[in-house]
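Subject: Structure for your review

Dear colleague,

Please find the structure below, followed by an account of what was found in it. I would be grateful if you would read the two side by side.

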Amino acid sequence: MSEIKNWRNFRLYVITAADCHPGRELIQVMEQTLIGGADMLQLRNKTGSKREVLEQAKALRELTSKYGVPFIVNDHPDIALEAEADGVHLGQEDMPIAEARQRLGSGKIIGISTQCVEQALAAQAAGADYIGAGPVFPTRTKPDRAAVTTEYIRQAAEAVSIPVVAIGGITPDNAETVLAAGAKRLCAVSAIVGSEDPAAVCLALRKTIAAAGGWQKRLITLNGLAHPTSASRLDELIHLLGQGEKRLVAELDGTVVPRSQWARTLLSEGAKLELVHFVGGG
Amino acid sequence: MAKHESERLSKQSEPQLPGETRNSSPFSSGPAQASAGQDCLLLGGQRLHSRFLMGTGRFPSPWVLQEALKASGAEVITFAVRRVNMDSVEDDSVLQHVTERQLTYLPNTSGAKTADEAVRIARLARAAGLGNWIKVEISGNPRTLLPDPFETMKATERLAKDGFVVLSYTSDDPILCKRLEEAGAAAVMPGGSPIGTGLGLLNPYNLGLIVEEANVPVIVDAGIGSPKDAAEAMELGAAAVLANTPIAKATDPVAMARAFRLAIEAGRLAKLAGRIPKKRYASASSSESGSLFGASIPPKIPPAEGIAW
């Protein structure tokens, strides 16, 4: 079980795929996804040397910390530990969850890819913190794997209580279908990092997720009143409230949050938010 | 006036004037020396040409506020920090009406009852990116809105340490004003009378003492009812006057803003020009000699000494 605060609030999970953006730096592309609203990030590098993966992991750790976003390393618990990542993501053919847990300790997130309900239940029983469910659609990232279709998304969402992330061939065009099947969290790879404008794609996906309303609302206190919201981040909430155009100041749990940090500020259950501005006075 | 400036004016029995930047003593020659062009007020690192600080509350409309601001000549405006109205998506902040002008912003901490609350409001205000001035205003009583001296003291100290330019709204108590100055206030703002009452200066004697003792500008704030109160405050030696309600609630706020501007200039000029001492009995404007009716023996009168005021 992870100790990282509120990581389960994530809704848009993005995984690196450097071959999707030749000529562009990994860090720059991934920062764009964070700007667009990715709230969970995974480093997947199946071809690089361990040294290269470690360097990338350290750089992405620094980047995600800046945005307050959890960072996961694919496969390598040792690299995850050394880079101070928040956890690892395993495939069905990788090391068992129990072994990864032993290496990482209880404070890290362990996720695992699943293709059927049996795997989902086994993962939950073995102590996985979340599961990936897919590929929902045929995908360029994993061309040899048959699509599990949205039917599995429906089954997985009902079968397990840990977070389920739908993955595989998801784009802004088909995201609605996946959400309609019961998905609350989406993961996309090539549709995002292979795009000319990763931030815009992330934003589009987040809007679709928010519109689907499948997300459990958080209850926060806004200017002294109870306020249920589907927004997970401060910028999103202020936008939803239609207050984005105002010159206002936000104070979250007693601390002023500068406007430049709104997009990086997660709202947790029970948060106390004050939005103030200037009025006439003597 | 700062202590270092008091020496060259030591022959004068006038109260010292904080925040002076005059090139030469206006007391030494004609009134031209006291022209507004040379008479700036240094406050929080700013050189202010206007000694009128205007509040922005309770104006009948944003347009009237804007016009009144123009008429006032004020370079410093105050406002309050409040929760955003969630029911409206339009920007109803006071700032949108005044941002095209070159102004120094002085947010207040009204609504605060404790130093903690005032510090919190000050930090929120500073986060808006409009400078680091703050008017500490901590009310100790909802009916009189009189400032809580203990909490005001604490907040002044903390905010000054935190890098704010602190203007402390306070009771008209000379010792308290001195203590606030020592705690780091950039200016002290004794009230003439409770906020919004228009009762004018209830204790001119105290205000005079405060001015005499101060090494920071004294800005008379609160309770001003009409331009004559503002002029009186300036004649007492105040460095500036802050007013809001008497302008905003006047029948014609724009005209009243101009009246205040003129009164404050007049009061300031009068202070620099040096008024006559008060006497109990008359003294004729023309000499007795050469009177047509030839009274050669002067009337017997008691010694006419100046009355302290």
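**Chain B**

In chain B, 64% of the contacts (heavy atoms within 4.5 Å) with a separation of 6 or more are between residues 24 or more positions apart. This is a predicted model, in which local features need pLDDT of at least 70 and side-chain atom pairs count only at pLDDT 80 or more, while totals for chains, interfaces and linings use all residues. Residues are numbered from 1 along each chain as its sequence is written, chains are lettered from A and ligands numbered from 1 in the order in which they are written, and side-chain values use heavy atoms, with hydrogens and water left out.

Chain B has nine helices and 10 strands; helices (H or I, at least four residues) and strands (E, at least two) are DSSP runs, numbered from the N terminus. Of its 309 residues, 49% count as buried, meaning under 20% relative accessible area, with exposed over 50% and partly exposed in between (1.4 Å probe, protein chains only). In helix 7 (residues 227-235) of chain B, the buried residues include B:Pro227, B:Ala230 and B:Met234. The buried residues of this helix pack against strand 9 (219-221), strand 10 (240-243) and helix 9 (253-273) of chain B. Just after helix 7 of chain B, B:Gly237 has a positive phi of about 110°.

**The barrel of chain A**

Eight strands of chain A form a closed barrel in the order 1-2-3-4-5-6-7-8, with parallel pairing; two strands pair if DSSP finds at least two bridges between them. Neighbouring strands of this sheet are turned by 25° against each other on average, direction ignored. Strand 1 (residues 12-15) and strand 8 (residues 185-188) of chain A run parallel and are joined by three bridges, and A:Leu12 has A:Leu186 as its bridge partner in strand 8. Helix 9 (residues 198-212) of chain A lies across these two strands, at about 150° to strand 1. Such angles run from 0 to 180 degrees between N-to-C directions, the axes being lines fitted to C-alpha atoms, for helices over the stretch in contact.

Strand 5 (residues 109-114) of chain A pairs with strand 6 of chain A in the parallel sense over four bridges, with A:Gly111 opposite A:Tyr130. In a regular strand the side chains alternate between the two faces of the sheet. From strand 6 (residues 130-133) of chain A, A:Tyr130 and A:Gly132 point one way and A:Ile131 and A:Ala133 the other, and all are buried.

**Annotated positions**

An unreviewed UniProt entry places the feature "binding site" at A:Asp75 and A:Asp94; such annotations may be inferred rather than shown by experiment, feature names are shortened, and positions are given in the numbering used here. Although spread over 20 residues of sequence, the two cluster in space, with a largest C-alpha distance of 7.0 Å.

A:Asp75 is in the loop between strand 3 and helix 3 (77-82) of chain A and is buried, because its relative accessible area is 18%. Beyond its neighbours within four places in sequence, A:Asp75 contacts A:Lys46, A:His89, A:Leu90, A:Gly91 and A:Asp94. A:Asp94, in the loop between strand 4 (87-90) and helix 4 (97-104) of chain A, is partly exposed, with a relative accessible area of 27%.

**The interface**

The contact takes 22 residues from chain A and 34 residues from chain B.

Yours sincerely
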